[in-house]
Amino acid sequence: MGHSYIRGNDEWNERGDIWNYTKVFSDVSLEGQRPIPENTLTLGKHLQKAGYITALFGKWGLGAPNTEGVPTKQGFDQFYGYNCQRQAHNLYPSHLWENETKVYLNNELVNPHSNLEKDADINDPNSYAKFTQQNDYAPKLIHDKSLAFIRKNKDKPFFMYYASPLPHVPLQVPNKYVDAYRKVFGQEKPYTGKSYFPTQYPKATYAAMISYLDMQVGEIVAELKKQGIYENTLIVFTSDNGPTYTGGVDANYFNSAKPFDNTYGRTKGFVYEGGIRVPMIASWPKRIKAGTRSNHISAFYDMLPTFSEVAGVKTPEEVDGISFTNTLLGKTQQNHKFYIGSS
């Protein structure tokens with residue numbers, strides 16, 4: 001990944017007023033991020049050549065609509081979710097994308113950086129209505145598509161990349177899930193918004209979002225079992241970074257980076273361990289002994305070689321990663337070489 005064409009959310013500002021969400025809604029040329037080149041080697045393309053049906057559900061930020069960077073041109077047979085990282089700052093968005101088709105949702109268009117109305121009562125639930133009482137919750141729609149994909153392709157080798165928007169801020173989840181945690185946390189100080197939407201119950205909402213994701217993972221496992229393919233399916237669950245410090249999230253309260261420091265400058269967006277060292281869980285009942293642990297050090301550029309070995313296909317030349325399949329299987333693992341010192 002260190003040699004990738006794009007290494008962050010390149011917002012492609014020269015196109016125009018990309019931060020005006022009303023304009024973006026009506027002008028698709030303003031949506032999405034700068035595209036990766038047409039000939040980019042992606043994990044999706046690599047596994048397609050190995051005979052896998054591939055799908056991406058959730059967030060994509062490597063190619064705006066109508067460019068060579070959209071998922072369906074970068075190795076994914078099916079895509080449903082957010083094409084644009086900016087649009088993903090609203091879990092009740094005005095639209096999502098299915099392959100290369102814009103899908104309109106039954107939600108009010110709300111600028112993702114909106115705050116409470118001036119002089120609004122921060123203790124009145126109605127003040128938060130446009131952020132909490134919309135109709136189509138994107139994480140549910142995305143999840144339903146993923147379950148349908150499993151059912152449709154149960155008899156074929158498939159690779160499903162599930163880039164969930166949870167629990168990324170803004171803090172939004174259907175009220176019934178928040179209510180369950182309100183009983184746990186009691187009265188809270190509302191988060192009135194700044195760069196992300198306000199919420200009346202920030203701790204309860206954050207906890208509910210994590211529980212919602214946990215429930216969705218359980219539903220995927222249940223579907224794999226129902227289709228009789230769970231035992232021979234490798235599931236990898238991890239995060240792209242440590243906990244955030246924005247949007248009303250209280251990482252210190254939840255001790256989210258434990259055992260590392262939760263304070264500002266030590267979590268997401270910073271290269272201390274609390275920001276870049278994340279848990280990873282792998283489940284493969286036929287091959288991995290349940291309950292085993294490893295202290296193997298790896299990074300995300302190891303995923304392509306690992307999945308290549310699992311799929312029985314040759315790893316492409318000139319990649320930075322090393323397969324950790326042996327670690328998964330409890331065998332002796334090849335490690336990266338680390339050099340410490342001055343040059």
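Trp12 is not a glycine, yet its phi is positive, about 60 degrees. Asn255 is another non-glycine residue with a positive phi, near 55 degrees. At 33% relative accessibility, though, Asn255 is partly exposed. Most residues other than glycine have a negative phi, and most peptide bonds are trans.

A quick note on what you're looking at: this is a predicted model, where local features need pLDDT of at least 70, side-chain atom pairs count only at pLDDT 80 or more, and totals for chains, interfaces and linings use all residues. Residues are numbered from 1 along each chain as its sequence is written, and side-chain values use heavy atoms, with hydrogens and water left out.

## Two cis peptide bonds

The bond from Val169 to Pro170 is cis, with omega near 15 degrees. So is the one from Lys258 to Pro259, where omega is near 10 degrees.

## Rings meeting rings

Searching the whole structure turns up 18 aromatic pairs (rings of Phe, Tyr and Trp, the last by its six-membered ring, pair if their centres lie within 6.5 Å; planes under 30 degrees apart are stacked, over 60 edge-to-face, and the rest tilted). Take Trp60 and Phe76: their ring centres are 6.1 Å apart and their planes sit at 75 degrees, so this pair is edge-to-face. Both Trp60 and Phe76 are buried.

Tyr177 and Tyr212 are edge-to-face too, because their centres are 5.0 Å apart and their planes are at 85 degrees. This pair links distant parts of the chain, 35 residues apart: Tyr177 is in helix H5 (residues 175–185) and Tyr212 in helix H6 (residues 202–226) (helices, H or I with at least four residues, and strands, E with at least two, are DSSP runs numbered from the N terminus). Tyr177 is partly exposed at 24% relative accessibility, whereas Tyr212 is buried at 5%. There's also an aromatic cluster, made of Tyr181, Phe185, Tyr206, Tyr253 and Phe254.

## Charges over rings

Which ring does the charged end of Arg86 sit over? That would be the ring of Trp19, with the charge 5.4 Å from its centre (NZ of Lys or CZ of Arg must be within 6 Å of the ring centre and within 35 degrees of the ring normal).

Notes
Buried means under 20% relative accessible area, exposed over 50%, partly exposed in between (1.4 Å probe, protein chains only).
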